[in-house]
Amino acid sequence: MTPTKVMLTHLDWTILRLEEIIERENTPYFRSAALQRFGLTYEMALKCINSFNIQGNQAFEQDIEWLEMVDAYNHIHQHLDTVNKSGTEPAVASNLSETVYNNLNRYCKIFQKIYRHLDALA
């Protein structure tokens with residue numbers, strides 16, 4: 001199995017875990033876990049995209065859905081950094097975090113589309 005295929009297998013796994021956590025009850029704990037899983041899935045998708053080292057990366061950089069997820073990831077990442085530095089519990093009720101959480105089903109579909117595209121290239 002090539003390193004790229006191994007990475008794609010990990011991406012598929014993280015997408016499945018994101019789907020699972022989205023289906024859980026809407027509590028602060030599971031909301032926070034879902035946002036963290038979104039971040040992990042985003043990072044794995046980015047690694048897979050970069051591993052192909054193709055000019056198609058530019059297509060992702062110009063894709064509106066992808067750019068929206070980049071913004072969502074950056075917000076969640078900054079939010080968690082702030083929480084970790086201050087030592088307080090995550091406040092997942094912030095407006096932007098709630099917006100990201102409410103879009104997780106759609107983001108999951110985008111991750112699936114990215115996976116299918118990359119898997120076809122492998």
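This section describes the helices of the chain, their packing and the exposure of selected residues.

The structure is a predicted model, in which local features need pLDDT of at least 70 and side-chain atom pairs count only at pLDDT 80 or more, whereas totals for chains, interfaces and linings use all residues. Residues are numbered from 1 along each chain as its sequence is written, and side-chain values use heavy atoms, with hydrogens and water left out.

The chain contains six helices and zero strands, where helices (H or I, at least four residues) and strands (E, at least two) are taken as DSSP runs numbered from the N terminus. Read from the N terminus on, the order of the elements is α-α-α-α-α-α. The chain has 122 residues, of which 39% count as buried; here buried means under 20% relative accessible area, exposed means over 50%, and partly exposed lies in between, with a 1.4 Å probe and protein chains only. The accessible surface of the chain, computed by the Shrake-Rupley method with a 1.4 Å probe, comes to about 7400 Å², and carbon and sulfur atoms contribute 53% of this area. With contact defined as heavy atoms within 4.5 Å, residues 24 or more positions apart account for 76% of the contacts in the chain that have a separation of 6 or more.

The packing of the helices is described by axes, which are lines fitted to C-alpha atoms, for helices over the stretch in contact, with angles running from 0 to 180 degrees between N-to-C directions. Helix α1, spanning residues 3–22, packs against helix α2, spanning residues 28–52, at an angle of about 160° and with the two axes 9 Å apart. The two helices α1 and α2 are therefore roughly antiparallel to each other, given that angles over 145 degrees count as roughly antiparallel, under 35 as roughly parallel, 65 to 115 as roughly perpendicular and the rest as oblique. The crossing in which α1 passes α2 is left-handed, a term used if the near helix is turned anticlockwise from the far one by less than a right angle, with clockwise giving a right-handed crossing. On the α1 side, the residues in contact include M7, L11, W13, I15 and L18, and these belong to a set that meets α2 residues including F30, F38, M44, C48 and F52.

Helix α6, which covers residues 104–121, also packs against α2, the axes coming within 11 Å and crossing at roughly 20°. That angle makes α2 roughly parallel to α6, and the crossing of this pair is left-handed. The contact is made by α2 residues including L35, Y42, C48, I49 and F52, together with L104, Y107, F111, I114, L118 and L121 of α6.

Helices α1 and α6 are in contact as well, through residues that include L8, D12, I15 and I22 in α1 and C108, F111, Y115 and D119 in α6. Their axes come within 10 Å and cross at roughly 160°, and α1 and α6 are therefore roughly antiparallel to each other. In this pair, too, α1 passes α6 in a left-handed crossing.

Two cysteines fall within the contacts described above. C48, among the α2 residues that meet α1, is buried with a relative accessible area of 0%, and C108, among the α6 residues that meet α1, is buried with a relative accessible area of 4%. The structure holds zero disulfides, a disulfide being a pair of cysteine sulfur atoms within 2.5 Å.

L121 lies in helix α6 and counts as partly exposed at 44% relative accessibility; the C-alpha atoms of L121 and F52, 69 residues apart along the chain, are separated by 8.5 Å. H117, likewise in helix α6, is partly exposed with a relative accessible area of 40%, and H117 and I49 are 68 residues apart in sequence and 9.9 Å apart in space, C-alpha to C-alpha. L46, whose place is in helix α2, counts as partly exposed at 32% relative accessibility, and L46 lies 9.8 Å from V70, C-alpha to C-alpha, at a distance of 24 residues in sequence.
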